[in-house]
Amino acid sequence: MKANPGGKVAPDEVMGRDGFIERLWSRLDRLGIVLVAERRMGKTSVINKMKSEPQRDWAVFLSDVEAVSHPIEFVERLIQDIEKHLSAKAKAVDWLKRLREAVGGLEVAGVFKLPQASAAHWKTHLERALGDLAQNQRSRVLLIWDELPWMLQKIARKEGQSTIIDLLDVLRSQRQKHDNLRMLYTGSIGLHHIVSELHEEGYASSPVNDMLTVELPPLDHVDAAELAKALLRGEQLQAEPLDECAETIARLVDGVPFYVHHVVAALADRGKSVRPETATDAVAQLLTDPQDPWNMVHYRSRLPQYYGERAQAVRWLLGRLAETSPLGLADLHAELKVGLVPENAACRAIVEGDPERLRLILSNLQRDHYVRRDSKGAFAFRFELIRRWWLLDSGLS
Amino acid sequence: MKACHLTFSPSESSQETLEQLFVARGDLADGIMKGIAESAKSGNKHQRLLIGPRGIGKTHLVALIYHRVRDNPELGERLRIAWLREDPYVASYADLLLEILRKLAREYAPSSLEAEIEKVLDLADAGQKEAALERLLVDFLGDNTLLVLIENLDDLLTDLKEHGQQKLRAFIQNQLPVTMLATATSLVDAVSERSKTFYGFFRINPVEPLRVEEAATLLTRLAERNQDHDLAAAIQSQMGFARVRAIHYLAGGNPRIYVLFYDFLSRESLDDLAKPFMKLMDELTPYYQGRMSRLSPLQRRIIDVLRQLRGASTVTEISRQTMSSPQSISSQIGKLRELGYLSQAGALGRENYYELREPLMRLCLDVKEQQGRSVELFVQFLRVWYSQPELDEMVGFSSPEVENEHLHEALQRARSEQDPLQSSLWSESHEKYKAGEYGAALETLEIAIARNPDIKENWLLKDQCIVGLAGASEERMACLSRIAEMDPSDSSVWNRMVHALYESGRYTEALGPMQKALDIDPDDATTLGNYGFLLKRLSRDLEAIRTFEKAIELMPPPTDALGWLDCGRILVRLDRQDEALSAHRNALELEPRLIQAWSSLFGLLSERGWYGLVNRLAIRLVDLIPDRAILHQYLGVSLYNMGQCEEALAAFESVLRLGQQAGRKDQIASVYRALTLRNLGRTSEALEAVDHCLPTESRNFQLGLRLIRASIQLYQGNLRTAESELDDLLEEYRTQGLTGGGRAIESLIIVSSPTARRGIISVYLSAFGRIDCLGVLGQILVRSLRYMCQPAVSSQSAREWYEVWRDAADSVEEMAPALKLAEAAIQYRVERNPRALLRLPQEERGLLEPWLVNMLREEPSDIDHEMDALLRTVERRLADKEQQKAS
């Protein structure tokens with residue numbers, strides 16, 4: 001296998017995810033799942049593998065919905081996906097034909113389309129489509145929607161936030177109505193940001209609280225090292241000693257497969273010979289490259305967007321945790337009081353108020369994959385790679 | 001211009017042409033092909049993005065990949081290729097799908113596809129069209145993978161907007177088996193921002209500018225393609241390569257520019273670069289104007305301000321000149337950097353300095369602004385600059401470059417000889433040799449050879465003793481021929497012959513034994529390294545570089561000090577300075593007494609301006625290894641370079657004294673002693689010292705001595721005599737193409753009092769003017785800045801020195817570029833303000849900055865720390881050895 005940073009990995013070549021996928025199937029037995037992870041962690045590879053190698057008695061429908069900007073397109077896409085999935089199964093055609101007629105769809109140049117006039121009835125059509133699918137499938141049905149948050153953002157921009165509340169509510173009601181229907185939501189941005197925005201706008205709905213949130217972790221060290229080894233071999237690099245080189249790469253990038261591919265690709269671009277030190281150099285160079293090929297600066301620059309006026313306090317917290325960790329909530333709060341001169345009222349409230357505000361921020365930082373909590377409840381950077389970058393970028397290293 | 005290669009549209013060129021003119025990116029092309037092959041044969045799909053400014057060769061690479069894939073039956077069967085060439089004018093996602101389908105229809109011409117496309121175009125609803133086009137594409141591909149070659153992906157993604165980008169990505173994720181090879185001039189947010197659609201989607205490879213030797217290869221291949229074999233040979237020559245280097249400085253590694261220069265490399269114009277260069281700039285102006293027209297008005301204004309300011313400038317200054325806010329200038333500069341128009345020249349405090357990335361762009365625009373004459377003069381200056389080979393050859397730190405690398409091995413082998421008397425004689429002579437007593441060693445060896453003339457190791461050591469005594473090359477050749485008779489299969493002997501002939505300047509003759517060594521082991525890295533050095537001396541620069549590259553490639557990881565030294569020397573020649581420094585350090589840590597490694601290291605450090613560091617190392621080394629006279633010489637040279645003449649003189653006299661005791665002729669120390677005496681104003685002694693230097697076989701060396709003699713006469717005020725001598729010398733220098741004597745010429749102009757200097761400068765201006773070589777004088781003036789900028793030379797003296805030159809040469813047009821560089825260097829020397837250098841345009845700054853900054857650095861740098869660590873290791877190793885010896 002060749003290093004392929006960013007490219008599509010064939011499902012049968014996805015390494016180190018079998019156990020995780022096994023656990024997902026087991027959880028899907030009972031509940032739907034919101035699959036979350038930092039971007040490029042390998043979510044798409046996992047869902048592709050689930051689609052390609054489903055467990056017995058599961059029919060899997062997978063769709064990337066980032067281009068969808070209206071609920072009626074979502075319905076259209078759903079019916080297209082059902083058609084694609086069932087095309088070889090003649091028995092299903094009858095109910096599908098009835099469904100198509102019921103929603104008023106047409107086939108244009110071989111593609112199922114819904115007329116614009118049906119846009120107003122998207123809720124009914126969606127309920128019908130999901131209901132028919134659930135009822136006509138003997139097996140259990142798993143609907144995987146990739147990039148769902150992007151779709152929701154687009155619909156919200158175009159149709160308003162109430163529409164996405166409606167959409168999420170319909171999906172939730174159908175999940176509850178049909179025992180054999182499971183859904184898996186995932187995407188490049190966290191669904192919690194969309195839901196938080198809804199709450200801030202005063203919507204009380206909790207459209208995913210019946211689903212389990214599961215975070216896709218990096219690869220285990222052993223698996224990441226195996227992946228690195230396979231890629232070093234695939235690129236025909238002379239890595240000496242191979243095991244040590246592979247383990248070095250795996251360790252330096254916290255087992256994130258995307259970075260493993262990147263580092264091996266960078267080594268392949270440099271030449272044929274690899275030593276553990278050259279791997280270390282390659283990572284250091286990628287982290288300090290002025291072009292910032294991994295766009296690490298995003299971890300800093302997105303803070304104002306994610307945390308608004310509280311961004312100053314968040315930067316301080318991350319700087320402190322980059323230098324010393326783990327630190328408990330009380331310690332962090334005490335240090336924050338001494339170390340931060342607040343620039344605005346929001347930060348002043350965090351510094352001077354009770355630790356609850358700080359706890360909420362840290363909780364969001366956990367969901368945004370910046371920090372993790374250890375068994376004693378103390379906080380530390382989630383990824384060593386990002387901590388290292390933070391130190392370098394802040395001039396603290 | 002000849003239409004030998006479609007410079008601006010390689011996409012139209014034949015595969016044969018593309019392959020023939022493809023240089024430097026072979027590994028990248030192979031990597032891309034492997035990714036495409038894997039995408040065709042498996043579920044893994046690779047996406048590659050090539051980034052680089054216009055003209056850097058992206059389209060050439062894409063075109064080449066296209067042909068290679070088409071040529072491969074297995075890939076051809078599994079892939080369907082759609083090549084979206086430059087400017088496909090895609091306005092929407094549906095347009096993109098349509099464009100891909102049309103390319104496929106044209107490429108594979110299935111009768112039905114065009115008809116299906118037409119049917120889709122009849123659909124009224126845009127959404128229906130998109131869906132139908134997607135379906136058409138998926139159906140057409142069947143089980144095949146689509147290979148899309150996209151040029152200007154940055155423009156395409158910008159045109160698609162976020163919604164279109166998301167549709168494309170969703171289509172790829174949901175249905176489309178695709179592998180892409182795309183190009184872009186810069187990274188757009190859609191690709192580089194973590195929150196955007198195509199973040200992390202592509203494996204990104206920058207397409208690097210060509211290095212100078214790669215540019216020469218490209219031009220040679222172009223000549224070969226045009227069947228102009230004479231021109232191909234001329235490019236490989238020293239003069240041709242010098243021309244390519246000069247162009248390289250201006251073109252910034254842009255292959256498109258080199259190809260444009262092709263015509264000017266013809267033999268007819270080989271001696272005059274400036275005129276055809278100006279003509280080319282006229283022709284290039286529309287190209288640069290075209291690039292300017294793609295920019296917004298404010299971006300164009302920024303470019304123009306930087307052109308007018310010539311040097312690097314800050315956001316504050318640019319915003320003042322453009323009368324715009326610093327925020328908007330800062331944002332536009334970011335965009336211009338991404339687009340490859342600007343680069344950051346440096347940073348002072350919190351302020352960054354920016355400049356135009358391609359010097360040629362500024363020069364081109366300058367010509368239009370009636371500043372053409374200064375451009376022409378600078379080009380002329382560059383030509384001379386790069387035509388002049390290494391200036392430190394004659395009396396610098398140089399030592400034999402061709403190493404008798406197998407000597408140590410031979411010596412060790414010799415220890416196991418059977419004859420006890422022979423062993424004893426050999427050991428005795430070897431001990432004497434190691435102590436530097438070469439004459440005594442030779443006497444003992446002669447006894448051993450008389451006893452048994454067939455022992456190879458005795459002859460090998462004899463040869464080494466002759467080297468130590470600076471004996472004649474004939475003497476060495478006789479000795480080595482005897483060894484070759486005994487063992488003609490030993491390539492090290494032939495290498496030694498090369499060394500002997502090389503050292504006496506008999507480079508062409510050296511090719512004979514060189515060939516013998518290569519015949520025995522054509523892949524031996526050391527032999528190849530020696531061949532490289534020889535080629536360099538024969539002015540076959542390009543071949544030399546290729547040979548060095550091959551040597552480095554074949555060289556096994558060094559395991560001993562000599563191996564590291566070989567490696568280091570070759571890396572120096574390949575201009576891989578940091579690696580070279582590490583290799584030297586490794587060599588010396590393993591063998592602190594390896595004098596050649598110190599010599600080579602000092603040469604490397606001096607070239608980069610680390611005179612103070614060299615001096616510090618030399619002082620310590622003389623202490624640590626007091627028995628090696630050569631170290632005193634290095635100390636002397638370092639003191640001389642730093643302008644500390646009294647101390648330098650003492651060091652050279654120590655060398656000569658030690659040499660006398662050992663029966664050795666120390667020619668280089670003698671020459672330096674003469675130069676130092678002259679600099680101290682002890683001119684009669686200086687003349688006497690020159691006259692006492694023994695004649696050698698090297699014509700370069702002889703020429704150097706005569707130049708020094710002339711300089712002393714000038715210093716004494718014998719202007720007439722000196723002028724006449726100088727005329728003869730310079731004529732000989734010019735007509736016979738001698739390459740040595742650089743340091744001697746340089747030394748002509750660095751000393752003497754301001755009053756005397758005025759007269760001397762007039763003599764130089766007349767003498768160099770008469771032979772039409774004022775450019776050479778300018779180059780020597782710039783070279784001599786290395787001396788005048790030393791901290792030991794007072795600010796006042798340095799300034800006076802410059803002012804005398806300026807007053808005398810101000811009206812001499814050909815001297816203008818050199819005077820400008822001298823002014824900046826002296827200003828930097830006096831004020832230590834980096835702005836003095838940043839004010840120079842980058843192609844001029846590049847001639848000073850690499851050494852000047854190091855020379856005047858006050859704070860210890862990483863290299864200082866590295867060398868301190870080396871010294872500590874050396875001290876420890878030497879102490880250990882002493883202890884072992886004692887016990």
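A salt bridge is taken here as a side-chain nitrogen of Lys or Arg within 4 Å of a carboxyl oxygen of Asp or Glu. In this predicted model, B:Arg482 and B:Glu485 meet that description, with their closest N and O atoms 3.8 Å apart. Both residues belong to helix α24 of chain B (residues 473-486), where they lie three residues apart, about one turn of the helix. Over all chains, the structure holds 71 salt bridges.

Five salt bridges are counted between chain A and chain B. A:Asp64 takes part in a salt bridge across to B:Arg169, and here the closest N and O atoms are 3.9 Å apart. The polar contacts between chain A and chain B come to 20 residue pairs, with both residues at pLDDT 80 or more. Several elements of chain A each supply at least two residues of the side that touches chain B: β2 (58-64), α3 (71-86), β4 (111-113), α6 (148-159), α11 (257-270) and α13 (297-301). Of that side, the largest share comes from α11(A), with five residues. Sorted by class, the side of chain A that touches chain B has 18 nonpolar, 12 polar and 15 charged residues.

The extent of the interface can be described in residues and in area. In terms of contact, 45 residues of chain A meet 36 residues of chain B. The size of an interface is often given as the accessible area lost when the parts come together. Between chain A and chain B, the buried area is about 3400 Å², and carbon and sulfur atoms give 44% of it. Within chain A, the residues that lose the most area to chain B are A:Lys2, A:Lys8 and A:Arg39, which together account for 16% of what that side buries.

Turning to the fold of chain B, one open sheet is built from five strands in the order β2-β3-β4-β1-β5, with parallel pairing. The edges of this sheet are taken by β2 (79-84) and β5 (203-206) of chain B; each has a single partner strand, so one side of each is left without a neighbour in the sheet. On average, neighbouring strands of the sheet are turned by 15 degrees against each other, direction ignored. Strands β3 (residues 145-150) and β4 (residues 178-184) of chain B run parallel and are joined by five bridges. In this pairing B:Leu149 stands opposite B:Leu181, a residue of β4(B). Helix α8 of chain B (residues 153-174) lies across β1 (47-51), β3 and β4 of chain B, and runs at about 160 degrees to β4(B).

A further open sheet of chain B has three strands, ordered β6-β8-β7, and here the pairing is antiparallel. Its edge strands, β6 (313-314) and β7 (342-348) of chain B, each pair on one side only. Helix α17 of chain B (residues 326-338) packs on this sheet and touches β7 and β8 of chain B, its direction making about 125 degrees with that of β7(B). Two bridges link β6(B) with the antiparallel strand β8 of chain B (residues 351-356), and B:Ser313 stands opposite B:Tyr354 in β8(B). On the other pairing of the sheet, β7(B) and β8(B) run antiparallel and are joined by six bridges. There, B:Gly346 has B:Tyr353 of β8(B) opposite. The two strands β7(B) and β8(B) form a hairpin with two residues between them, and B:Gly349 in the turn has a positive phi of about 60 degrees.

A:Gln236 has a phi near 55 degrees, a positive value in a residue other than glycine, and is placed in the loop between α9 (221-234) and β8 of chain A. A cis peptide bond, with omega about -15 degrees, joins A:Glu240 and A:Pro241. A:Pro241 sits in the loop between β8 (238-239) and α10 (242-252) of chain A. The peptide bond from A:Ser325 to A:Pro326 is likewise cis, with omega near 5 degrees; A:Pro326 is found in the loop between α15 (311-323) and α16 (329-339) of chain A.

Terms used
Residues numbered from 1 in each chain as written. Chains lettered and ligands numbered in written order. Predicted model: local features only at pLDDT ≥ 70, side-chain atom pairs only at ≥ 80, totals over all residues. Heavy atoms only, no water. Contact = heavy atoms within 4.5 Å. Buried area = accessible area lost by both parts, 1.4 Å probe. Polar contact = N/O pair within 3.5 Å; in protein donor to acceptor, adjacent residues only side chain to side chain. Helix = DSSP H or I, 4+ residues; strand = E, 2+ residues; numbered from the N terminus. Nonpolar A, V, L, I, M, F, W, Y, C, P; charged D, E, K, R; others polar. Pairing = 2+ DSSP bridges. Axes fitted to C-alpha atoms, helices over the stretch in contact; angles between N-to-C directions.
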